[in-house]
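Biologist: I am new to this structure and would like a close look at one part of it, the strands and what surrounds them. Please take me through that slowly.

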Amino acid sequence: MKKSGIIITSLVLLLGIAGIVTCGVVGIIEDEKSRPQEVVSEVLPAPELAGGLRGEMGIDKNINENTIDRYLGRDDVVYRDMRMLVDVANYEAIGGDSYLSGYVKGFEVVPYPLLVNVEGLPEAVGKTYTGLTLFTQVDGKYTPNYAESVEILEYLFPKDKTIFLMCGGGGYAGMTKQMLVSLGWDAERIYNVGGYWYYDGENNVKVKDGDEFRYWEVPYHDIRFELLHKL
C-alpha cells in the first residue's frame, strides 16, 4: 500500500470536482449516480443464506455474484458496493484486492469504513481506515457521531427500497446489513450478494488497468464530515 498516499491525494482532487452542491444532506454527500437501463418486475426470492463459510458471512444463496446480472436494472432496488477506492487493509494477503479495480454496473460505491468503525477483519488483512465515521459500534450497539448520521444513512439506504449490498469478498456487505438491521431496517429487504472478486458476469466495469486508474468514472459517495454537526 505504499502507493496509496499518492493515489488518495489524486482522488481527493478528482472527486472534489464531482460533488453535488444542492441543499441539505445531498449537499453533504458527493456522488455520481449511474442509472439502471431497464426495469425488471420479476419477484425476488426471499433472502436465504448460502451454505458453509459464505453463509457465515451472510452471503445470499440465490442472489449473488453468479446470478446478480439477472437482477440488475430494477427501479425497486438500490445497489451499493461497500468498498473504499483504496483500502489501507492488506486484502492481497487473502487473495483479494485493496484497490477498487472495478465494479458491477449499476452499483454505487458507499465505503463501509466511513459509516462505522470496522471490527472483525482477518488477522492477515490487518487494520483498515480508522478516521472519522458516521457511527461508532461497541458490542453491537451503533451510536451516531453526528446530528445528520441517521439522515445520511437513510438517504444512502432508503427504507422503501430493496437493498443489494456487495463488496470485495462479502465481508463489508455482511457488516453493512448487520448495521442496518440493528438500526431498524427490514432484514427481508436487504441482500448480501457477495464479492466483486468472484464476479464473472457481463456487467463488469473496469476502472483500474495496471497502474492506470479511472476512479473519476466510479459512482462514488463521499461523506463531507467537515460539514456535519458532531454530537
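Modeller: Let's begin with a facing pair: Phe135 stands opposite Pro144 in E6. Before going on, please keep in mind that this is a predicted model, in which local features need pLDDT of at least 70 and side-chain atom pairs count only at pLDDT 80 or more, while totals for chains, interfaces and linings use all residues. Residues are numbered from 1 along each chain as its sequence is written, and side-chain values use heavy atoms, with hydrogens and water left out.

Phe135 belongs to strand E5 (residues 135-138), which pairs with strand E6 (residues 141-144) in the antiparallel sense over 4 bridges. Strands (E, at least two residues) and helices (H or I, at least four) are DSSP runs numbered from the N terminus, and two strands pair if DSSP finds at least two bridges between them. The hairpin that E5 and E6 make has 2 residues between the strands, and Asp139 there takes a positive phi near 55°.

Now for the parallel side of the story. An open sheet is formed by 4 strands, ordered E4-E2-E7-E8, with parallel pairing. Strand E4 (108-109) and E8 each have a single partner strand and stand at the edges, so one side of each is left without a neighbour in the sheet. E7 and E8 run parallel and are joined by 4 bridges; Ile163 stands opposite Ile190 in E8.

Asp81 is 28 residues away from Val109 in sequence, yet their C-alpha atoms are 4.6 Å apart in space. Once neighbours within four places in sequence are set aside, Val109 is in contact (heavy atoms within 4.5 Å) with Asp81, Arg83, Leu100, Val218, Pro219, Tyr220 and His221.

What lies in the nonpolar interior? The largest nonpolar core has 43 residues, and Met82, Tyr112, Leu115, Leu134, Phe157, Tyr172 and Val218 are those with the most contacts inside it. Two or more residues each come to this core from helix H4 (112-115), helix H5 (149-156), strand E7 (162-167) and H6. H6 gives the most, 5 residues. A second, separate core has 15 residues, including Leu44, Ile63, Tyr71 and Leu72. A core here is a set of buried Ala, Val, Leu, Ile, Met, Phe, Trp, Tyr and Cys residues joined through side-chain atoms within 4.5 Å.

Apart from neighbours within four places in sequence, Phe157 is in contact with Arg80, Met82, Val110, Leu115, Ile163, Leu165, Thr176, Leu180 and Trp185. One of these, Ile163, is the residue that stands opposite Ile190 in E8.

Finally, let's step back to the chain. Its secondary structure comes to 6 helices and 12 strands. Of the 231 residues in the chain, 47% are buried. Among contacts between residues at least 6 apart in sequence, 73% join residues at least 24 apart, and the pair Val109 and Asp81, 28 residues apart, shows you one place to look.

Conventions: Buried < 20%, exposed > 50% of the residue type's maximum accessible area, 1.4 Å probe, protein only.
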